[in-house]
Number of protein chains: 2
Amino acid sequence: MTEYDEAIKLTGPDDQGRYTGTLSDDWAIGGAVNGGLLMSLATAATAACSTSADGHADPLTYSGVFLSPGTAGEITAYPQILRTGRSMTTAEVRTTQRVDGIEVERSRALLTLGDLDRYAEPVLKSEPAPDMPGPEDCPSAADAPPTPLTGSGFLKRFDLRLDPATVGWAIGRPSGKGEMRGWLKLADERDFDATSLLMALDAFPPVSFDLGSQGWVPTVEFTGYVRAVPAPGWLCMRLSTSTVTGGLLEEDAQIWDSTGRLVAHSRQLASARFPS
Amino acid sequence: MTEYDEAIKLTGPDDQGRYTGTLSDDWAIGGAVNGGLLMSLATAATAACSTSADGHADPLTYSGVFLSPGTAGEITAYPQILRTGRSMTTAEVRTTQRVDGIEVERSRALLTLGDLDRYAEPVLKSEPAPDMPGPEDCPSAADAPPTPLTGSGFLKRFDLRLDPATVGWAIGRPSGKGEMRGWLKLADERDFDATSLLMALDAFPPVSFDLGSQGWVPTVEFTGYVRAVPAPGWLCMRLSTSTVTGGLLEEDAQIWDSTGRLVAHSRQLASARFPS
């Protein structure tokens, strides 16, 4: 079993419809288990719940908030189907962990599920992948100067390459444009699927780093859209932001698969500190 | 009291924390009460609930799904505060109506609230308003050729002007670019505020019309972001889409106030039929 499949492995449902998994520090960064992994785990539980009720299986949209940081240990996902239509299923999913005997909510999200094969074609309009050097000509994030996050388990789960044109922030020279481009693979070469694309959308360093921000960038709200099942191989990623006010920025992520097809995109509002 | 204030007027909370309002066909379009009005009403209930618990008052993000069409009559909003932090409050809100004695859910959303004065400044990065003729030089939507929607109450609540460069679809000549620009005011001149901006984000004709689609465009998921309290006067709006596949498109809306400041933006995934 691959690292990712192990990380989102669930048992259930129990008699109350709950699914149980285990979070590990292998996927932690900055003291918390990565929120992207939590999104993929919650989505996997929701898809299991939906298909067991003859609903749809593939995530189309995921809109969520994070309520407290996930930590290593057991985690429970409670999916609830809100509506099953002919072409889509709408659901809510909450994740919780027990802390000192008290159930604490980690995340809550609204999801839409459907059949991605049906929604992938025809392509009437799409944005082409950015023009940048191939992964072999992009520096690996593992070669970046050490930071307090360098030892994080999460970073070891990926092979992440950054376009040299957007990597200045790593050596103290952010471009100020608010853009980051690069390539992403799972370190153990497990290919991405529709569910793990949600984690991929949040796996890059925050785009605020290219605007001179250095600290933690907590997500206020995240909405991800999966538009097609990705082909095997590297994902091409682009992060950008167009509105930064009062320490809040929206971060737009786009992902193209190895065939050059846009397969997922997201927007999150996040909170960052900028040098004044 | 203005038309809009009347439309989102709420009584409550009752002993279970529910707020009650009334939907009217004056805000209906295509047989359902407009979802944007429902978003503003649900947000108003959530803000009332939040402030009564010393939480924050202004909507920052609204992410929601529509579960069934709202109809004229009593509507109940149940806000639930999920987390109150120093700078933000996170909440969920559901709206329901009774149909034949059964409670039917209309919408469910996750909201983040905060103090917009705090998050409006400084502006580090923003997109300028599009260059287009002023409202006096833009045709009014009321002058468009009649369609099955022309008589809708919702359309009478607004003064909506379209940039002549993006209005070809109304006379059967869509540009195919997937863009629409224009101006928006409430018909009774009530100025927009943070909460009514959510309704404004969904008040324009769907951008899919500029791609040759003509029918109803149901929202799959909607996320709106309010970035500042708008100054009085006309709102300048721009709608665009960059990914249209398998009958699903994302519609991005941006709103600038009369001072040229970007005050709100949104993305929705919607379902549309395109001529083949």
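This is a predicted model: local features need pLDDT of at least 70, side-chain atom pairs count only at pLDDT 80 or more; totals for chains, interfaces and linings use all residues.

Biologist: How many residues of chain B are in contact with chain A?

Modeller: 50 residues of chain B touch 50 of chain A, contact being heavy atoms within 4.5 Å.

Biologist: And what area do they bury between them?

Modeller: About 4300 Å², with 59% of it on carbon and sulfur atoms; that is accessible area (1.4 Å probe) lost when the two parts are put together, summed over both. B:Lys125, B:Arg227 and B:Arg267 give 17% of what chain B buries against chain A, more than any other three residues.

Biologist: How many salt bridges are there between chain B and chain A?

Modeller: Four, counting a side-chain nitrogen of Lys or Arg within 4 Å of a carboxyl oxygen of Asp or Glu. One of them joins A:Arg108 to B:Glu92, at 3.0 Å from N to O.

Biologist: Which strands pair between chain A and chain B?

Modeller: Strand 13 of chain A (residues 244–245) pairs with strand 8 of chain B (residues 123–125), antiparallel, over two bridges. Pairing takes at least two DSSP bridges, and strands are DSSP E runs of at least two residues, helices H or I runs of at least four, numbered from the N terminus. B:Lys125 is the bridge partner of A:Val244 there.

Biologist: New topic: what does UniProt list for residues 24–106 of chain A?

Modeller: An unreviewed entry gives "domain: Acyl-CoA thioesterase-like N-terminal HotDog"; such annotations may be inferred rather than shown by experiment. In the model that span is 22% helix and 51% strand.

Biologist: And residues 135–270 of chain A?

Modeller: The unreviewed UniProt entry has "domain: Acyl-CoA thioesterase-like C-terminal" there. That part is 9% helix and 35% strand, with end C-alpha atoms 28 Å apart.

Biologist: Is the peptide bond from A:Gly12 to A:Pro13 cis or trans?

Modeller: Cis, with omega near 5°. A:Pro13 sits in the loop between helix 1 (3–7) and strand 1 (19–23) of chain A. The bond from B:Gly12 to B:Pro13 is cis too, omega near 5°.

Biologist: What about phi of A:Glu189, positive or negative?

Modeller: Positive, near 70°, in a residue other than glycine. A:Glu189 is in the loop between strand 10 (179–186) and helix 5 (194–201) of chain A.

Conventions: Residues are numbered from 1 along each chain as its sequence is written. Chains are lettered from A and ligands numbered from 1 in the order in which they are written. Side-chain values use heavy atoms; hydrogens and water are left out.
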